[in-house]
Amino acid sequence: KANENSEIKLVNINEFVFFQEGPGVRSSQYTQEGVPLINVKNVRDGYLDLDKTKFISNKITENKWKHFSINENDILFTTSGTIGRCAIVKKENLPLSLNTSVVRFKTLDEKKLKNKFLFWVLKSQSFKNNILKYQTGSAQKNVGPSHIKKLSIPLPPINIQSQLVVELDTYQKIIDGCRQVIENYKASIDIDPSWETIALGDLYDENLDSKRIPIEKSKRKKGNFPYYGASGIVDYVDDYIFDDELLLISEDGANLLARKYPICFSAKGKFWVNNHAHIVRVDDKILQKYLEYFLNTLEIKNYITGTAQPKLNRQNMDKIKIKIPEKNLMKQIVEKINYELEMVNKNNDLIVNFEDKIRNKINSIWPN
């Protein structure tokens with residue numbers, strides 16, 4: 001078995017792995033286009049986020065820094081700030097060039113150390129714990145190649161490496177599938193044009209905007225009570241101003257147009273709300289949930305003012321037209337979406353479960 005430590009030996013990483021840090025590109029060397037530079041912020045946990053990258057000219061990467069070009073299957077590992085995030089480079093990510101505070105790893109001989117197995121080793125908490133012993137710096141912690149070459153890694157027989165890779169990759173595929181479900185699910189309501197149309201301001205029972213109190217981040221005291229902003233919970237504080245079940249609707253922010261997050265959400269229990277979300281009380285809780293789901297499916301750009309800072313003021317919010325079905329049908333719609341959300345949220349439990357399996361399996365390959 002993979003966790004039979006008698007079959008696993010520790011070897012110096014330097015003997016089996018090539019690793020290299022980027023050259024440290026100065027901001028004056030950035031170009032408007034060219035080859036994307038990989039920085040710490042681009043390496044997430046298990047994947048690359050290439051939405052916002054700096055560029056360096058093709059000429060420099062082809063000549064002066066050719067040996068810093070990143071290849072398919074390179075493992076990128078962050079060595080500054082949040083140390084230890086790593087991701088494997090896919091063909092579709094290329095071309096890329098290495099920058100400082102990111103180290104690329106690749107096995108020297110696939111017949112002795114599988115590259116994908118190396119990836120899982122680098123992701124293990126044991127490896128991170130070992131490398132963090134060497135971190136330097138005060139405000140910004142760092143490690144470098146001189147520290148990495150001192151480290152050891154486990155080297156099971158190649159057949160056990162292959163078995164572990166298959167098992168861990170399977171778990172990861174389940175996690176990725178669950179994340180796809182969570183990210184892509186959107187509630188939908190099949191609207192009948194014959195339903196009654198009522199302005200939102202005529203559907204809720206009370207507006208509580210006057211009771212909102214913003215707290216500057218530096219003045220917030222940590223606690224257990226949710227602190228809500230335009231897109232949901234933004235912090236937890238030591239006090240509350242509401243003990244109720246209320247409907248919150250985004251008042252401002254780019255998300256009003258981008259719609260990456262819900263613009264409407266229910267808050268229940270003891271909580272605090274800042275001045276970036278409208279607060280309304282809806283006594284009929286089936287109606288409250290219906291309004292929440294309806295508003296999150298509705299295109300509201302015609303009610304929004306401002307471009308640099310989109311805003312949904314109260315006057316326009318109250319004018320939003322809501323299609324209202326008869327009560328029994330409304331209840332069925334709410335129950336259906338509640339059920340779908342319950343199924344979607346179970347994917348979060350699966351993610352936690354399989355992340356635990358990965359963590360335990362990786363840590364088991366390290367000799368005690």
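**Entry 1: Helix H3**

I began with helix H3, residues 115-123, and found 8 of its 9 residues buried. Buried here means under 20% relative accessible area, exposed over 50%, and partly exposed in between, with a 1.4 Å probe and protein chains only. Helices (H or I, at least four residues) and strands (E, at least two) are DSSP runs, numbered from the N terminus. The buried residues of H3 include Phe117, Leu118, Phe119, Trp120, Val121 and Leu122. Asn115 and Lys123 are also among the buried residues of H3.

**Entry 2: The basis of the values**

I noted that this is a predicted model, in which local features need pLDDT of at least 70 and side-chain atom pairs count only at pLDDT 80 or more, while totals for chains, interfaces and linings use all residues. Residues are numbered from 1 along each chain as its sequence is written, and side-chain values use heavy atoms, with hydrogens and water left out.

**Entry 3: The whole protein**

I looked up the overall content and found 10 helices and 17 strands. The C-alpha trace spans about 70 × 50 × 45 Å along its principal axes. Of the 368 residues, 44% are buried. I then turned to contacts, defined as heavy atoms within 4.5 Å. Among contacts with a separation of 6 or more, 75% are between residues 24 or more positions apart.

The protein exposes about 19,900 Å², and carbon and sulfur atoms supply 48% of this area. Accessible areas come from the Shrake-Rupley method with a 1.4 Å probe, and for residues only the protein chains shown count as cover.

For charge, I recorded 55 positive and 46 negative side chains, with the centres of the two sets 8 Å apart. Lys and Arg count as positive and Asp and Glu as negative, whereas His and the chain ends are not counted. The place of a charge is taken as NZ of Lys, CZ of Arg, CG of Asp or CD of Glu.

**Entry 4: Strand E8 and its partners**

I examined strand E8, residues 102-107, in which 5 of 6 residues are buried. Which strands pair with E8? Strand E2 (residues 17-21) runs antiparallel to E8 and is joined to it by 5 bridges. Strand E5 (residues 75-78) is also antiparallel to E8, with 4 bridges. Two strands pair if DSSP finds at least two bridges between them. Arg104 of E8 is the bridge partner of Gln20, and Leu76 stands opposite Arg104 as well.

**Entry 5: Two nonpolar cores**

I next followed the nonpolar cores. Such a core is a set of buried Ala, Val, Leu, Ile, Met, Phe, Trp, Tyr and Cys residues joined through side-chain atoms within 4.5 Å. The largest core has 40 residues, of which Ile13, Val17, Phe105, Phe127 and Ile153 touch the most other members. Helix H6 (residues 158-184) gives the most to this core, with 7 residues. Another core, of 31 residues, lies apart from it, with Leu203, Leu295, Met317 and Val334 among its members.

I looked up Phe105 in particular. Leaving aside neighbours within four places in sequence, Phe105 is in contact with residues including Ile13, Val17, Phe77 and Ile148. Leu118 and Leu122 are also among the contacts of Phe105, and both are buried residues of H3.

**Entry 6: Strand E3**

In strand E3, residues 35-38, Val35 and Leu37 point one way and Pro36 and Ile38 the other way, and all are buried. E3 pairs antiparallel with strand E4 (residues 54-56) over 3 bridges, and Pro36 has Phe55 as its partner in E4. E3 runs parallel to E7, joined by 2 bridges, and Ile38 has Leu98 as its partner in E7.

**Entry 7: The six-stranded sheet**

I traced an open sheet of 6 strands in the order E11-E16-E14-E15-E12-E13, with mixed pairing. Strand E11 (206-207) and strand E13 (232-237) stand at the edges with a single partner strand each, so one side of each is left without a neighbour in the sheet. E13 is joined antiparallel to strand E12 (residues 222-229) by 6 bridges, and Lys222 has Val237 of E13 as its bridge partner.

**Entry 8: Backbone details**

A cis peptide bond joins Leu94 and Pro95, with omega about 0 degrees. Pro95 lies in the loop between strand E6 (86-88) and strand E7 (97-98).

Ser101, not a glycine, has a positive phi of about 70 degrees and is found in the loop between E7 and E8. Why does Ser101 count as buried? The reason is its relative accessibility of 16%. Arg259, also a residue other than glycine, has a positive phi near 55 degrees; Arg259 is in the loop between helix H7 (255-258) and strand E15 (264-273).
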